[in-house]
Structures are given as C-alpha cells and as structure tokens.
Amino acid sequence: MAKKKPNDDLDITTTFADMNIDGFKWYDPSLKKHGRRKEKMNVSRKEYWAMVRGAFLAIGPYILGAILVFGLLVLLTYLWLG
C-alpha cells in the first residue's frame, strides 16, 4: 500500500484577518503593527482626475435619484397641504 502524500497545493500562508489578538495563547506583541501606513500609490495627475471623474459618474445616478425623490415629496406635500 502506497503512503499518501500531503496536499502540496494547500495554501497555509495567506491570511485574511490579523489573528494576533491579546489573550490568545499564540499572541506575539512583536508582531503588532501600530500606526500601519498604506503604501502610497504612484498615480499621475491625469490618472487621479480620471479616478475622481469615474467616482462621480458612478455615484451620480444615485444622487440624482435622491434629489428627484425629494423633489417629488416636496411637490406632493405642497399639493396636498396647499
């Protein structure tokens, strides 16, 4: 009978959450990173404004819809109470 090989495709290095928490038996204070900074993205001015424009285009329909609904409510309130 052949011995089973361990699954070499198993990823044991990827983490999705920091499990280094006070009180756990595996807590290691040297691993705690206080004041973590995200790496600065190297984005040109043109790319930055393209991202800003894209964000406004993505949120625009929702803002416009909210303004229209609010306007309709004001109009209906005016007609009902007026």
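Biologist: Over what distance should the 37 residues of helix H1 span, and how far apart are its end C-alpha atoms?
Modeller: This is a predicted model. Helix H1 comprises residues 45-81, and at 1.5 Å a residue its 37 residues should span 54 Å.

Biologist: At which residue does H1 bend, and which proline follows?
Modeller: The bend amounts to about 40 degrees and is located at Ile-59.

Biologist: How many of the 37 residues of H1 are buried?
Modeller: A residue is counted as buried under 20% relative accessible area. H1 is hardly covered, and the count of buried residues in this helix is one.

Biologist: What kind of aromatic pair do Tyr-48 and Trp-49 form?
Modeller: The count of aromatic pairs comes to one. In it, the rings of Tyr-48 and Trp-49 lie 5.1 Å apart, centre to centre, with 80 degrees between the planes. Planes over 60 degrees apart count as edge-to-face, so the pair of Tyr-48 and Trp-49 is edge-to-face.

Biologist: Which residues form the nonpolar patch on the surface, and what is their accessible area together?
Modeller: Its members are Met-41, Val-43, Tyr-48, Trp-49 and Met-51. Of these, Tyr-48 is partly exposed at 43% relative accessibility, and Trp-49 is partly exposed at 46%. Together, the five residues of the patch have an accessible area of about 530 Å².

Conventions. Residues are numbered from 1 along each chain as its sequence is written. This is a predicted model: local features need pLDDT of at least 70, side-chain atom pairs count only at pLDDT 80 or more; totals for chains, interfaces and linings use all residues. Side-chain values use heavy atoms; hydrogens and water are left out. Helices (H or I, at least four residues) and strands (E, at least two) are DSSP runs, numbered from the N terminus. The expected span of a helix is 1.5 Å times one less than its number of residues. The bend at a residue is the angle between axes fitted to the seven residues ending there and the seven starting there. Buried means under 20% relative accessible area, exposed over 50%, partly exposed in between (1.4 Å probe, protein chains only). Rings of Phe, Tyr and Trp (its six-membered ring) pair if their centres lie within 6.5 Å; planes under 30 degrees apart count as stacked, over 60 as edge-to-face and the rest as tilted. Patches are made of residues with over 30% relative accessible area and no salt bridge: like charges are joined within 9 Å, nonpolar side chains (Val, Leu, Ile, Met, Phe, Trp, Tyr) within 5 Å. Accessible areas come from the Shrake-Rupley method with a 1.4 Å probe; for residues, only the protein chains shown count as cover. A salt bridge is a side-chain nitrogen of Lys or Arg within 4 Å of a carboxyl oxygen of Asp or Glu.
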